Amino acid sequence: MLPSSLAQKLQAALKGATVLTPGSEGYEESLKRWSETAEKRAGAVAQVTTPEQVAIVISFARKHCIEQVVRGGGHSTNGASSTEGGIVIDLSKMNRVTVDPENMTIAAEGGCLWKDVDEAAGDYGLAAVGGTVNHTGIGGLTLGGGYGYLTGRHGLVIDNLLKVKLVNADSQIVTASPEEHPDLFWALRGAGASFGTVVEFTYRVYQQREPVWAGMAAFPLNKLASIVEFANDFALGANPDASFNFGFTTPPHAPGPMVVTLGFYNGLGKDGKRIFAPLFEAGPTFENFGPMPYCKVNALLEESSGHGGRKVIGGAACAMPFALEFYEEVKQDLLSFIEEVPAAKESVVVFELVPHGKLQEVDGSATAFANRGPYYNAVCMTKWDDPEDDDKCRNFTFGLKEKVSEHLIKTSAVNPESIGKYLNYNDLTDGRSDHMFGSHDEKLVALKWKYDPTNVFNKWGAVTAAAMEQNHGYNTMNLKPRQIAVE
């Protein structure tokens, strides 16, 4: 744990910021994360309000050999935004959003949630490509690539990222864009937070018609064949203004698992009803489709993806054709798991059919994002309460992830330049950054040595020191130990 003398020094250095330590008011609340499995007892939580304060914390942590992590929305399930005994740079008070309707841009500080961006843009009749759960932080989603309801029409979040302001490993405040530090800007678009702490993102925004047409529907499990048939037809249609999710969970107030769906159409209700008509013909037991503000669409998953409980996420990819036999297997795997761990009944397995044509228009070498293939994301979010079930739940999640990945390889032509994995749904569990960045890995390692040779930023989606050495033979003996120095 961080010595109290060092915590006092940090507070003295951070004039105007709040530093929370064990026992101080607000400390326990500051440790809370979206998943309880990601909560750790920090030595200090620095609630910063300016880029300069972020720079002070990074410099302080380096000087004293203290682990530092960044908390944006706190949504990672692998503990990347938490530290045992180190310093948390808490960006939650850096949540200012500035809309420039004349230039069609929006600038958002690093602690913003997508709700902040959605609402600020909506006040001007605009929208940014953003996350599908509005209490997610903008930082993690953006730096990992970023899919959203508008991706089919406008591409990934990073395809609409114009520039970032960040604090680098040397505690310098720099701008990365196509004109300034373009190699760093390339790396930041898809390689996670391995190169700095981003304190401001500037995005391109678009005119957004209101209302849009969207909603959710739930079906008995015996309707799965009809849903898979619709999914195949929907994917063939490749309408860039529509998206469709289907999968399995136990909805609130339902007696057991069901087939659940979510549909979105960025257009008139009559056209949305026509696109999704075959879905309704399957006979949902519940549905709430209708016209709604775009901001409300990004709140549809609030209840099923809310804070609290223990969670872990594992992701893979899927592709057409969607074979009923395989999805029957996935359904049965989930049912068997819930029978073994009844408290995990709120776990969700979802296949996200976001049209991928637009994101494939961007050359695979244009950004560090390594998943520009004809794939759809698949994600398993396992949720439970008892720490005694941790191993069972993690094993199920990652086992299902591997099963879906193997199915993709067996049944589809995998693009050799695309890894078929989405960074935001995966941890680097085997320490191999080349498994997450594919052909971009060599360049990323070189840039890591250029911008962060002492591996200051080593937590989430990291091109880690281990990967540098294991994958490419670099000598990492000069890297500083991640421990608290003795005064």
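This is a predicted model: local features need pLDDT of at least 70, side-chain atom pairs count only at pLDDT 80 or more; totals for chains, interfaces and linings use all residues.
Colleague: Let's start with helix α1. Which of the residues in α1 are buried?

Modeller: First, a general idea: an α-helix has 3.6 residues a turn, so residues three or four places apart point the same way. Now to our case. Helix α1 spans residues 4-13, and Leu6, Ala7 and Leu10 are buried there. They sit on the same side of α1 because they cover an arc of only 100 degrees around the axis.

Colleague: And which exposed residues does the face turned away from the buried side of α1 carry?

Modeller: That face carries Ser4 and Gln8, both exposed.

Colleague: Now a loop. Is Ser35 buried or exposed?

Modeller: Ser35 is placed in the loop between α2 (27-30) and β2. Ser35 counts as buried, because its relative accessibility is 0%.

Colleague: Which residues is Ser35 in contact with, leaving aside its neighbours within four places in sequence?

Modeller: Ser35 is in contact with Thr77, Gly309, Arg310 and Lys311.

Colleague: May we compare another loop residue? Where does Gly283 lie?

Modeller: Look in the loop between α9 (269-281) and β15 (286-287). Gly283 has 31% relative accessibility, so Gly283 counts as partly exposed. Not counting residues up to four places away in sequence, Gly283 touches Phe219, Pro220 and Lys223.

Colleague: How many residues apart in sequence are Gly283 and Leu113, and how many Å apart in space?

Modeller: Gly283 and Leu113 are 170 residues apart in sequence, and C-alpha to C-alpha they are 36 Å apart in space.

Colleague: Last topic: cysteines. How many disulfides does a search of the whole structure find?

Modeller: The general idea is that a disulfide is a covalent bond between the sulfur atoms of two cysteines. Here, the search of the whole structure finds zero. Take Cys318, which is in no disulfide: the nearest cysteine sulfur belongs to Cys380 and is 13 Å away. For Cys380, also in no disulfide, the nearest cysteine sulfur is that of Cys393, 9.5 Å away. To count as a disulfide, two cysteine sulfur atoms must be within 2.5 Å.

Colleague: Are Cys318 and Cys380 buried or exposed?

Modeller: Cys318 is buried, with a relative accessible area of 4%. Cys380 counts as buried too, at 3% relative accessibility.

Conventions:
Residues are numbered from 1 along each chain as its sequence is written. Side-chain values use heavy atoms; hydrogens and water are left out. Buried means under 20% relative accessible area, exposed over 50%, partly exposed in between (1.4 Å probe, protein chains only). Helices (H or I, at least four residues) and strands (E, at least two) are DSSP runs, numbered from the N terminus. The arc is that of the directions from the helix axis to the C-beta atoms. Contact means heavy atoms within 4.5 Å.
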